[in-house]
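Dear colleague,

Please find below the structure that I am handing over to you.

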Amino acid sequence: GTIDSIVILAKALSPAEVQQMFRRQEPEWQAIEARKFQWLRDGLAKPYTPKRNAKGYILESRALLDEGNGWITPEGARERVDRLKRAGFTVYIPCVWHGRGTTWPSKLAPPDAGTESLLEEDPAYDPLRNLVEVAHAAGIEVHAWFCVMYRDERWPHMTEFAEEGTPKGAFEAHNPAFRRRIVDLMLDVIGRYDVDGINLDYIRTKGMSKSATAKGSFREQFGCELEDALKQKQANGWVNADVLAWQAGAIDEIARAVSTRGRALKPGLVVSIDGHPPKPGEMRSPQGRNGVEWVVKEWIDVLYTMDYNQHLSWKKADMLRAAFPSPAALVTIAGNYDRLPDRKVVPRDAALVADLVGFLQRRNHGNGLALYLYSMFDDAQLAALRAGPFREDALPSWICHENH
C-alpha cells in the first residue's frame with residue numbers, strides 16, 4: 001500500500017493503546033472493526049444441518065481438552081464430567097502424561113506428585129479407571145492425551161533420556177530406549193483402560209538435538225557429521241534433506257508404533273495428534289511432526305489443527321483438507337481464552353466462544369470440533385454453549401480409516 005505518514009513514538013504502544021489511537025483518528029472505526037468478523041457472521045448465516053442417526057440423535061464429536069490433572073480425584077472427575085455433560089460435549093481429552101509422571105498406576109514410570117499422593121492414601125484407587133467409568137456412564141468418550149516428547153525439567157525421574165545437548169524441555173527423540181519407553185507407556189493405557197482414543201501432543205523433537213546420542217544416530221544413518229549437514233541448505237533454502245528425514249524418522253517410529261500396535265490392542269481406537277500442519281508445498285516439519293503424511297499413511301485418524309486466535313484460519317484449513325484422502329481427518333481446535341497485554345490468560349467472551357463453535361459446526365466434515373482448554377472453561381461459556389450451538393444433545397461420531 002501507500003504510506004500517508006509516519007510517526008515515531010517515544011515508547012512502544014500496547015494493543016489497547018493502538019486501538020484507542022485508531023478509533024480517535026478514524027470516524028468509521030466501528031464499521032471497519034465489524035468487517036474483521038464478517039467471515040464469522042457469514043459462516044453463522046449458513047444453515048446447521050448435522051448428521052443424525054436413525055433415531056434422530058445428532059452425531060457430532062464435541063471435544064474439550066484438559067491440560068490439568070484435577071480429574072485424578074473422585075470429586076474432580078465427577079465435577080468435570082458433570083460440567084461437560086451440562087454444556088453438551090461428547091468427548092473429553094484429559095492430559096494423562098505431561099512429562100512429569102503417570103496419572104495412573106504403572107510399572108513403567110513413576111507417578112506424578114498428585115497421583116503418588118492418592119495412591120499412598122488408597123493403593124487400590126486408580127484415577128484413570130475411575131475417570132473412564134464416570135465419563136462412560138454419562139455417555140462421554142475419553143481420549144487419553146499424551147505430551148509425548150515434553151519433559152518437565154522439575155521432575156527428577158527419567159533423566160537418562162535427557163542428556164546434555166537435548167532440546168530444552170524435551171526427552172531425547174533419537175534415543176531408541178526412550179522411543180520404546182514412551183510407546184510402551186501409551187500402550188499401557190490403551191491395553192489396560194477402556195479409553196476410546198489416544199491423542200498425541202508434542203509429537204515432535206522440540207528442536208535440533210546436539211547430544212552425543214543424536215550426533216551418533218545421524219552419523220550412523222548418513223555417514224557424515226550432523227554439524228556439517230546443518231550448514232548445508234537445499235537449493236530452495238530449506239533445511240538439509242537428510243536432517244529433515246532423520247528428524248522425521250525418529251518421530252515417525254513413535255507415531256507408527258502407537259497407531260499399529262494400539263489398534264491391534266483395541267480395534268476402533270481413534271488416533272489423533274495436535275499440530276500446526278504446513279500448507280501444501282511448504283517444507284516438512286524440521287521437528288519431525290508430519291501429520292499430513294501420517295493421515296495419508298493412515299497412521300492417524302484425526303489431525304487437530306491448533307487455531308486459538310479469535311479469527312480462525314479457515315482458509316488454510318480448506319487448503320489442508322484438499323490434500324487429505326478424507327476431509328474429515330482435519331479438525332480445528334478453537335481457543336476459549338484470550339491473552340491480555342500483560343500476558344495474563346483469561347476466559348474468552350462466552351458469546352464469541354459460542355459463535356466460533358457454531359461456525360465450526362457448519363464446517364463439520366465428519367469428525368466434529370474441539371475446544372482448548374478446560375481451565376478457561378467458565379460457567380458463562382457453559383451456559384452460552386448449551387443455549388446456542390449445543391442446545392441439542394449429541395452422540396460422538398468418527399469417520400476413521402476403513403481398514404481398522
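How many nonpolar, polar and charged residues does the lining of the second largest pocket have? By class, there are 5 nonpolar, 5 polar and 3 charged residues in that lining. Please note that the model is a predicted one. The second largest pocket has a volume of about 210 Å³. Its lining is made up of 13 residues, and those nearest its centre are Thr49, Pro50, Lys51, Gln361 and Asn364.

The largest pocket has a volume of about 540 Å³. It is lined by 18 residues, of which Asn309, Gln310, Asp338, Arg339 and Arg348 are the closest to its centre. Two or more lining residues come from each of α1 (15–25), β7 (302–307) and β9 (337–339). The largest share, 3 residues, belongs to β9. By class, the lining of the largest pocket divides into 6 nonpolar, 5 polar and 7 charged residues.

I turn now to a pair of helices. Two packed helices are described by the angle between their axes and the distance between the axes. Helix α8 (residues 212–222) packs with helix α10 (residues 241–265) at an angle of about 115°, and their axes are 11 Å apart. Helix α8 is therefore roughly perpendicular to α10. The crossing of α8 past α10 is right-handed. On the α8 side, Ala214, Ser217, Phe218, Gln221 and Phe222 take part in the contact, and they meet Asp242, Val243, Ala245 and Trp246 of α10. The residues of this contact comprise 6 nonpolar, 2 polar and 1 charged.

With kind regards

Key
Residues numbered from 1 in each chain as written. Predicted model: local features only at pLDDT ≥ 70, side-chain atom pairs only at ≥ 80, totals over all residues. Heavy atoms only, no water. 1 Å grid on protein atoms, 1.4 Å probe; cavity = no way out; pocket = protein on both sides within 12 Å on 5 of 7 lines; lining within 4 Å. Points joined across faces, edges and corners; volume = space filled by probe spheres on them. Helix = DSSP H or I, 4+ residues; strand = E, 2+ residues; numbered from the N terminus. Nonpolar A, V, L, I, M, F, W, Y, C, P; charged D, E, K, R; others polar. Axes fitted to C-alpha atoms, helices over the stretch in contact; angles between N-to-C directions. Parallel < 35°, antiparallel > 145°, perpendicular 65-115°, else oblique. Left-handed = near helix turned anticlockwise from the far one by under 90°. Contact = heavy atoms within 4.5 Å.
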